[in-house]
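Have a look at it before reading on.

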Amino acid sequence: MIAEFALALLWLAAALALLQLGLGSYALTVKGAQFLPAVRPVAVAQGVLVAVSFALLIVLFVRSDLSVKLVAANSHSLKPLIYKISGTWGNHEGSMLLWITVMGLAGGLIALLERRLNDRTLIATLAGQAFVSLGFYAFLLFASNPFERLNPAPTEGNGLNPLLQDPGLAFHPPTLYIGYVGLSIAFSFAIGAMVTRDVGPTFARAMRPWVLGAWIFLTLGIVAGSWWAYYTLGWGGWWFWDPVENASLMPWLAATALLHSVSVLATRGALKAWTVMLAVVAFSMSMVGTFLVRSGILTSVHAFAVDPERGSFILALLAIYIGGALALFGLRASTVTEGSRFHLFSREGALVMNNVLLVGILGIVLMGTLYPLVTEAFGTKVSVGPPYFNPVSAIFVFPMLVIMAVGPLMRWRQDNGKKLVNMMAAPALALAVALALVVLFAGDIAILPLLGLIFAAGLAVASILPLWKRNLRRTPAHIYGMVLAHLGIAVALAGMAAESAFNTEKLVASEIGQTHTVGPWSIELQGIDPIAGPNWTALEARLVTSYGDSATQTVLNPQSRMFSSPPTATSHAALLTRWNGQLYVVLGEEGDDGRWQLRLWWKPFVPLIWYGGLLIGLGGILALVGRTARDLRRKDQPEYEPVAAPDDPHGEPKPVGGREALA
C-alpha cells in the first residue's frame, strides 16, 4: 500500500501545483486580488506532499519492495544500505522525482520566507514556479511513473549499475539537482518580475540568494562528479568533455554570468534586461542538460535513459518554457528599462565583459556538445573532444582571467585607472616570476599549460588584493567569499595546467616481484589476492611503492572487481596523494604469459583541481551567509530614496542614504 499512497500524494501535489498556477494567475487580476494571500499556503502544501512521496520511495528501496518495478530494476536485497538509499535517485524515474521534490520544497520555502518582493511579484513568481513544476509532474505521472507495480513480483532485483555503487552517488546527483532547481527558481523570479513589470534592484536582491545557492550546489556537484569519475572509471582523467559532463558545465557557466549580473542590478540598478535574459538562458541550459541525459540520444556512463519518447517529452517542455519566456520577454522588453548608466572602464564594465566572455565559452561548449548529434542525424559520425574544446575555449578563458583579476579592484561607475595600474604590479610580478620558473625548470611544455600556470600565479595574487589596506576584522563576509572563489579558480587552474604539462603515464605487463618506475616512484608487484566484498568479488594487487630515494614504503591495493547483479567487471583504482601530486594505479587483466597489466600514472599537483573547486564553493557559501546575515540585520531599517554616494573601490557603494546604496 505504500506505493499506492505515495502515488496518490504525487497526484495530489500535481493538483495543488495546478491550483497554485490558476489561483496565482487569477489573483493577479483586478477581480482576484483578494486571493493573493491564499497562494502561499498552497505552495507550502505542494512542497510537503511531494517530499513525503519521495520519502516513501526511499522506504520502498530500503525495504527492497520488489513488487515496485523501479525497485526491482535498480536494486537488490543484498546491496549495502547506502546504495539502497542512494539508488533511489540513481535511475531515471527516481531522479526525476528528486528533481520535482527539490522544486516543490524550494517553492514552499519561497512562500514561507520571501518578504522582500511586493505581493503581486511574489505571487507571479509562485505561479511561474507552478507552471514549470506542472510539466515535470506530467512527465512523471504519464511517462515515468516511479511507483509502477509488477505482478507477479520477481524473487530478486536486477541490482544497481556497479559504476554507480559508490558513495559519490549519495552526494553528486542531489547537489546537481538542487543547483538545477535553483536555476528554475531564478527563472520563475524573472517570469514573475516581467509579468508585473517589476524588474529592478528589489527583484534582484530577492533573487540573488537563490542564484547564489544554485551556483554553490552546481559548483560542489561538478567538483564531486569530476572526482568520482576520476577515481572510479580508471581512465586517469579528471574531465573528459563527455556530453553529459558538459550538460552540468553549461548551466554553471550561465549561472556564473547570472550571479555577477544580478549583483550589478541589486547594487547599481543596471543590467536589467541582461539579468532577465541570463535567468532564461541559465534555466534553458539546465533543461538542455536534462534532455541530453534522458533522451537516449547519448551513449554515456552518465546517461539515465534510452527512451526517445521521454526525450521528446522533455524537448516539448523545453520548447514551451523557453519559448514562452522569450515571448514574454519580447512583449515586456519595452518596459525593462536600461537602468543606471556606467562607464566601460568601471567595475560594472568589467563584470559585463566577463559575462560576455562566459557566454562565449558557453556557446563553444554548447556547439561542441550538440554538433556530433546534428551530424549523426544526417548519417555522419564525428567526435569532438579536447583538440576542439581546449584551444577554442582558451581564446575566451585567458582574457576572462585578466578581467577577473582587474575587475574587483576597480571603482563602481567609473575609474581613472592610475591606482589600478599600481595595484596590478604585484600580480604582474607574480606572472613574470612564474614564467621564469616554468621556463627554467619545466623544460619544453605546450603553450596552453604554460599559459595556465603563469595566469594562475597572477590571478592568485590579484585575488587577495581586494583585502589590501582593509580592516580585516570588519571586512564583510561576502568580500572574503569573492576572494576565496577567485583564489579557488587560480588554484584549480594551476592543478589543471600542471597535470596537463607534467603528467607521466606508463602501461606495463608485470610479473610477480617485478619493479617498475613512473615519474619519481618505484613500484613493485608483490602479489595478487582474491577477496570478497558485500556484493562483489575481486582480484586485489599488492603493490609496494617508494618515492625517490626515500626508504619509506607504502602499500597500494588496486582491484579488479566483478559484480554478479548485474554481471559487470569494474576497475577500482588505488591512489596515493602527496603534497606535490598523486600516484594513480589501475590493475588490468592477466595475460597468457602470466603477467599482469598495470597502468601507472604520476600526476603532479593534480589534487589542486579539487582543492580549488572546494575553495570556490566555500567562497560562495561565505558570500551567501554574509549577504543573508546583512539582509537580516537591515530588516528593521527604514526605507530611503537612493542617493548617489562615494564609492569604495574594493567593496560596494558606501551606505550614504538608502537601501539602494546599502544593498
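Let's start with the inside: of the 663 residues in the protein, 56% are buried. Keep in mind that this is a predicted model. The chain folds into 19 helices and ten strands.

**Overall shape**
- The C-alpha trace of the protein spans about 85 × 75 × 50 Å along its principal axes.
- Why call the radius of gyration a match for a compact globule? A compact globule with 663 residues would have a value near 26 Å, and the protein has 27 Å, so the two agree.
- Take the contacts in the protein with a separation of 6 or more: 72% of them come from residues 24 or more positions apart.

**Helix 5 meets helix 6**
- Helix 5 covers residues 92–113 and helix 6 covers residues 119–143.
- Their axes sit 10 Å apart, and the two helices pack at an angle of about 165 degrees.
- Angles over 145 degrees count as roughly antiparallel, so helix 5 and helix 6 are roughly antiparallel to each other.
- Left-handed or right-handed? The crossing of helix 5 and helix 6 is left-handed.

**Who's touching whom**
- On the helix 5 side, the residues making the contact include His92, Met96, Trp99, Ile100, Gly104 and Gly107.
- Helix 6 brings residues including Leu122, Leu126, Gln129, Ser133, Phe136 and Tyr137.
- Sorted by class, the contact of helix 5 with helix 6 has 14 nonpolar, five polar and one charged residues.

How values were computed
Residues are numbered from 1 along each chain as its sequence is written. This is a predicted model: local features need pLDDT of at least 70, side-chain atom pairs count only at pLDDT 80 or more; totals for chains, interfaces and linings use all residues. Side-chain values use heavy atoms; hydrogens and water are left out. Axes are lines fitted to C-alpha atoms, for helices over the stretch in contact, and angles run from 0 to 180 degrees between N-to-C directions. Helices (H or I, at least four residues) and strands (E, at least two) are DSSP runs, numbered from the N terminus. Angles under 35 degrees count as roughly parallel, over 145 as roughly antiparallel, 65 to 115 as roughly perpendicular and the rest as oblique. A crossing is left-handed if the near helix is turned anticlockwise from the far one by less than a right angle, and right-handed if clockwise. Contact means heavy atoms within 4.5 Å. Ala, Val, Leu, Ile, Met, Phe, Trp, Tyr, Cys and Pro count as nonpolar, Asp, Glu, Lys and Arg as charged, and the others, Gly among them, as polar. The radius of gyration is taken over C-alpha atoms; the globule rule is 2.2 Å times the number of residues to the power 0.38. Buried means under 20% relative accessible area, exposed over 50%, partly exposed in between (1.4 Å probe, protein chains only).
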